[in-house]
Amino acid sequence: MSLSWARLLCICSGALALIACGRTPQPVHFFADGRPPKLSDWQVVYADGGKLALNKGVIPYDLNTPLFSDYAHKLRTVWMPGGTAAKYVADESFDFPVGTIITKTFYYPLPQGAARDAKSVARTYDQSRDFAHDGGGAEALNLANVHLIETRVLVRRAKGWEAFPYVWNASQTEAELARTGDALALELVSDDGAREAFTYVVPNENQCAGCHVVDLKTKAIAPIGAKARHLNRDYDYSTGSENQLVHWTKLGILTGAPDAANAPRNANWRDPQQPVDTRARAYLDVNCGHCHNAKGPANTTALDLTAFAESDRHVGVCKPPVAAGRGTGDHIFDIVPGKPADSILPYRMQSNEEGVMMPEQGRSTTHREGVHLIEQWISAMSGACNSLS
Amino acid sequence: MSRVTIIVLCVLAAGCGKEQAVQGLSADDVAFQKTLQEKFLDAKPGTVIEIPAGKHALDRVLTLRANGVTIRGAGSDKSILSFKNEISGPEGMLVYASDFTIEHLAIEDSKGDGLKINDGENITIRDVRVEWTGGPKTTNGAYGIYPVKSKNVLIEDSASIGASDAGIYVGQSQNVIVRRNRAEKNVAGIEIENTIGADVYENTATGNTGGILVFNMPNLPQPGQSTRVYNNKSYENNLANFAAKGAAVASVPAGSGVVINSNPKVEVFDNDIADNKTANLIISSYFSTNYYNTKGVDANYNPYPRAIFVYGNRFKGGGDSPDGLDLKTLKTAMFGINGHFPDVLWDGYVDSKTLVNGLPPAAERICVQNGDSEVLNADGPNKFKNPKVDKSYFQCDLPKLAAIELPHS
């Protein structure tokens, strides 16, 4: 790969403030092949002047219900080469043009009132301190308030999508390629000061594919969040709040989308105004459906947890497990209606033990609120699994 | 500023990357793991990844996604990959690839399955040992050697020890040979599940809860059929069942030599099956597992074992101390405290819709032509009320199954 001297200067700029690197960044750089060693090589997001800033043309987005990743907050962005656009697809990932770069930065707010250290991060859903609001909107992170962990880059090349994990350095100035992943000792700090130590695991490149290969036959990597049902919601842009599908269409980076009202929409799993059933199914869809679908790596189990699965044995109601091994926790059905404590699904969700826990990767801690939602969902189901023998 | 200065500054800046050791591994192991992970990431058709002799500690699953790769150690007692400190897995090795060979190495103490191969074609597993070194424990990984949804699979001269479900577990696959392997101290030694076309021969299964199993599970796209189990030794599989309740094999009684459950077209011949305390051979239906229920099981699932042909086996001992209250009571009532079940135990479930004059169609019968061997029909459907020992009901023939041929062996 060829890096200009100017770009080299910029790469060094964060760590070496003595080199003045202007506030006007280089344009976003799509690398058609190779593995850029530093996140800033892409010029999509970069640490600059106390902010994690987005380059021109880089659009932030959020999901109705996100994947749980050890309580990390996430800043997602998409960029497409000028003059290109994604084609709308109703139920799968949009059809993005070659050159598309998607990033997802995993970070935590610092604990309230605590000094910054290498390990302490907040366990909170509060995003109010995350953003640098100088321009209005949620379009840059305030590095005074957050701890950057990693940025994953998903890039659409001519031969398909490729995934690269980058890990942020201690001085929060640059993220470096970590092909073989990483493991970081962190501590979640609750508002009441309670601490939970855990190992934050950055996936290696093949583990990225563990979630992003949603079709075992094609083995192709694909985005997970960039689907209509996840994106169909408002975002707080610097220009004001707007539905993301509408915004992308106005920008010319999405074609063929129907009115937002006619596009699929998953529930926000945290919205108490919405029915438990739709919230639970949205949660399972994004946390489990990339493996537990008819074509995915967990199709060996006959358990389908996508938004499209029928609400019967396909989502686990009275279904005996196929290959759960000790993951059953001594329970004999995936879901026993009305009885979350007798059901395998919440048992595997609350576990942090390798070989028992689900999802198998992407977390080291229990998502308490997620487990609670699934328990509520199962509690509300009626009926029983009467054995016939 | 000169170019040299810039490069030096950049190198200094790059030094900020965090390398926090979290737990367990020595610096040498960390370096070994990083190099090995990179080899797995960079592998392409034709790549041979050598695992040097020695015990190598890893804390993360080795995942392979490239076709045409060979992983080769110096011997299953010499090149050892230990996952005792695993933090990200749960498998030891996870393979999504075809034309894959793995040979001459050991995988120990993974938190989940030892070696899982999902959706591959032309798979060779040779002289691979998967072992949980702390002996049989419920907290051991589920499966030792686990090809699933794969086609043309050869597993030979390998071993699985201590799996909390099945040691060698071939699931939902097609065209499979499992030969000359050793399975010990697992719940199920060797299990062929929802697989079409498997030859299982010259294996030794001992010290497991059940020796060799041929099962069909419900709700899966592929019902299995056509398995030949021959020339194996399955003896003293009397280990107390240590699977978690609800696991597929949790219903297998300790002391089972060979078990056929809900699977059609199974031929069991020329085996040495001895001293398995529940029964040397069990033929049963999914109804006997207690997992059957109309809500959770696909209505199209056929839970009956059928077209089962048993002949020429050398049975010895066994059946003298069955596992579970129902079977214990049954044995004592029928054969006395010092007696034993006959060589073959059948739970007695038949699909009554298919019966003609009280017998299943000729092509679907259970045929036992094994010298003096008798069969106990336990009358499971009526809670063991009218069990009977029989021989004549099982006097029949079935066409013999074809041998499996693999394109790559």
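Predicted model: local features only at pLDDT ≥ 70, side-chain atom pairs only at ≥ 80, totals over all residues.
**Entry 1. Overall form of chain A**

I began with the secondary structure of chain A and counted 7 helices and 16 strands. I then looked up the radius of gyration of chain A, which is 21 Å. The globule rule gives 21 Å for 389 residues, so chain A is as compact as a globular protein of that length. Along the principal axes, the C-alpha atoms of chain A fill a box of roughly 75 × 50 × 40 Å. I noted that 52% of the 389 residues of chain A count as buried. For contacts in chain A between residues at least 6 apart in sequence, I found that 56% join residues at least 24 apart.

**Entry 2. A sheet in chain A**

I next examined an open sheet of 3 strands in chain A, with the order β1-β2-β8 and antiparallel pairing. Its edge strands are β1 (45–48) and β8 (140–142), each of which pairs on one side only. On average, and with direction ignored, neighbouring strands of this sheet are turned by 20° against each other. Between β1(A) and strand β2 (residues 51–54) of chain A I found 4 bridges. Within this pairing, Y46(A) has A53(A) in β2(A) as its bridge partner.

**Entry 3. The contact between the chains**

I looked up which residues form the contact: 56 come from chain B and 57 from chain A. On the side of chain B that touches chain A, α1 (3–14), α2 (27–42), β3 (60–64) and β6 (88–95) of chain B each supply at least two residues. By class, I recorded 23 nonpolar, 21 polar and 12 charged residues on that side of chain B.

**Entry 4. Strand β13 of chain B**

Is strand β13 (residues 166–171) of chain B enclosed or open? I found 6 of its 6 residues buried, so the strand is largely enclosed by the rest of the structure. I then checked its pairing. Strand β10 (residues 145–148) of chain B runs parallel to β13(B) and is joined to it by 2 bridges; V148(B) has G171(B) as its bridge partner in β13(B). Strand β16 (residues 188–193) of chain B also runs parallel to β13(B), with 5 bridges between them. There, I190(B) in β16(B) is the bridge partner of I168(B).

**Entry 5. Two loop residues**

I looked up A243(B), which is in the loop between β21 (233–235) and β22 (256–261) of chain B. A243(B) is buried, with 26 other C-beta atoms within 10 Å, where 20 or more are needed. Not counting residues up to four places away in sequence, A243(B) touches S164(B), D165(B), V187(B), V249(B) and A250(B). For A243(B) and D165(B), which are 78 residues apart in sequence, I noted a C-alpha to C-alpha distance of 5.8 Å.

I also looked up D95(A), in the loop between β5 (86–87) and β6 (101–109) of chain A. D95(A) has 14 C-beta neighbours inside 10 Å and counts as partly exposed. Under the exclusion of residues up to four places away in sequence, D95(A) touches A86(A), K87(A) and V89(A). The C-alpha atoms of D95(A) and F30(A), 65 residues apart along the chain, are separated by 18 Å.

**Entry 6. Backbone exceptions**

Most residues other than glycine have a negative phi, and most peptide bonds are trans.

The peptide bond from M358(A) to P359(A) is cis, with omega near -10°. I placed P359(A) in the loop between α6 (344–350) and α7 (368–379) of chain A. A cis peptide bond also joins G89(B) and P90(B), with omega about 5°; P90(B) is in strand β6 of chain B.

K149(B) is not a glycine, yet its phi is positive, at about 50°. I found K149(B) in the loop between β10 and β11 (151–156) of chain B, where it counts as buried with 21 C-beta neighbours inside 10 Å. S262(B), also a residue other than glycine, has a positive phi near 60°. S262(B) lies in the loop between β22 and β23 (264–269) of chain B and is buried, with 27 other C-beta atoms within 10 Å.

Conventions. Residues numbered from 1 in each chain as written. Chains lettered and ligands numbered in written order. Buried ≥ 20, exposed ≤ 12 C-beta atoms within 10 Å, placed from the backbone. Pairing = 2+ DSSP bridges. Rg over C-alpha atoms; globule rule 2.2 N^0.38 Å. Contact = placed C-beta atoms within 7 Å. Nonpolar A, V, L, I, M, F, W, Y, C, P; charged D, E, K, R; others polar. Axes fitted to C-alpha atoms, helices over the stretch in contact; angles between N-to-C directions.
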